[in-house]
Amino acid sequence: MRVVAILMLLLVSTAGAITDADYSITKSKKSAAEISGMGYHGTHSARISVYPGGSSKSVPISISPTRIEALDTLKLWLHPASNRGSIELEFGLDGDSDEKSSTTDPDDASILISLASWSDGRWADTGGNSNGWREFDASESRVDIKSRDSQKSRKDVSWSEAQDILRGMDVVRVYIRLKGATKYEGVSCYVDYVRIAGEVISFEPLERDSIKKAKQSSVSPGSTITYTITYGNNLEVPADIVIREFYDQRTLFLEAYPPPDPGTNNVWTIRGLRPGEHGQITVKVKTLRGSCTAGFDGSVSGVGYASVYRRLSTEREAYYVTNSVRIDGGGINRSASATTKVRSQAGFVFEFAEHGSGSYESSDDMDYSTTSIVFQSESLANRSPVTLNLSTRAIDYNSTWGLRWSCENQKLTSYMREIYYGDFINLSGTGIMRSTRSTFESRGSVEGMADLRYMTGGSEVGTRLYGSFRLGSKGVVQKKSR
């Protein structure tokens, strides 16, 4: 027993669906093809109609290129609904590997099969003594081959003869065509359970949903993603299937409907799934939101060479979570996945760096969390030459002191950067960064140079100082209330 199941994708597409074949159901003024509520296989079928004044109506089916000599399944079920009419099949063949079939291209060809006819809703080949659903096998019919290439054209040959003549060509398109016996009256019929080259079409509403669907293409950290799994039995016998969902490690299972098997959060056992029956499972998961709380404090003093760099950040880069599903039953295993982008998260970035040689004192006090960064830093540096004695040699340093700190609040689009160079630096700075407010303050004295830059809302101001000077600055940026 072979079970086929499908899972659903975000886009309306047949990729990864229960069938790789794609068909077109359309209406016009003189004809129509539509999904009906009567079926042989399941509860639905395609109802094809030609209205008075019309001549024919086709349901085109595109399939993956299949070699004509390997095409051994050409079956469908028909049910006449009214008046007099007939069903014709046309197979479009591609001979130049462009995955198209054209009546004007001598490399291509088509096969025409007059499959079945009826009068007053009863099958003509039974003398009008039978109606209702019947299975027809196109490979048992006589066929006509049409092509611009005279070497291919034939009339009234068997299917096996046609396969020999057209060997090496690919079937890429099939037309199921309803033709009325007369233009003065309408005609209609039902078509169901079409089997072409191993592909099955049942015209069920969920049949062409693809393998897995994520409702959201992207989410913010900590948000919910909703997945839909669609399953179905496209065989002619009941089937048992088991559905297993595999969650990304960066997501947490929240709920599912219908609920999973007892004791699990990712397994569903579907027993006795009827032919043509489909169903859906909705699963909700939550993406993880990063969180952290920490505090740092320390101090250092001495004479020598110093080089210090610190960076704290609450920003989060974008990443992708992938949830997968697998369906097993009756010797079949199908798997698919859906990937959702978790968008980047704006945050706060604090950077501090200093270096130089001579006497040096520094103290830091920082509090760090997912929602804020608070820091206070004091530095006193006086340049002088120093010698660093190593086991093999001595290294002399006489470096100007450099100090740089910067605070970026990405949520408020604000930025502060202060850079100092000199022989003497005595500075203290504080900063508080939260989602709705940023405060920056620095004060002290410098012998050398200072480059001060502040930016908010796309506007930047800057100041550059040289010489021996004292300074004090304070800035506040806050979110505007609506």
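Which residues line the second largest cavity? Select E354, S379, A381, W401, G402, L403 and I425 to see that lining. This is a predicted model, in which local features need pLDDT of at least 70, side-chain atom pairs count only at pLDDT 80 or more, and totals for chains, interfaces and linings use all residues. Residues are numbered from 1 along each chain as its sequence is written, and side-chain values use heavy atoms, with hydrogens and water left out.

A cavity here is a set of points, on a 1 Å grid over the protein atoms alone, where a 1.4 Å probe fits but cannot get out; lining residues have an atom within 4 Å of a point. The volume is the space filled by probe spheres set on the points, which are joined across faces, edges and corners.

**Second largest cavity**

The space inside is about 30 Å³. Colour β26 (372-383) and β29 (401-409), the elements that give two or more residues to this lining; strands are DSSP runs of E, at least two residues, numbered from the N terminus. The largest share, 3 residues, comes from β29.

**Largest cavity**

Next select L74, K75, L76, L89, F91, V174, I176, V194, R195 and I196, which line the largest cavity. Two or more residues each come from β5 (74-82), β6 (85-94), β12 (170-180) and β13 (187-196). About 50 Å³ of space lies inside.

**T228**

Finally, go to T228 in strand β17 (residues 224-232). T228 counts as buried because its relative accessibility is 14%, and buried means under 20% relative accessible area (1.4 Å probe, protein chains only).

How values were computed:
Helix = DSSP H or I, 4+ residues; strand = E, 2+ residues; numbered from the N terminus. Buried < 20%, exposed > 50% of the residue type's maximum accessible area, 1.4 Å probe, protein only. 1 Å grid on protein atoms, 1.4 Å probe; cavity = no way out; pocket = protein on both sides within 12 Å on 5 of 7 lines; lining within 4 Å.
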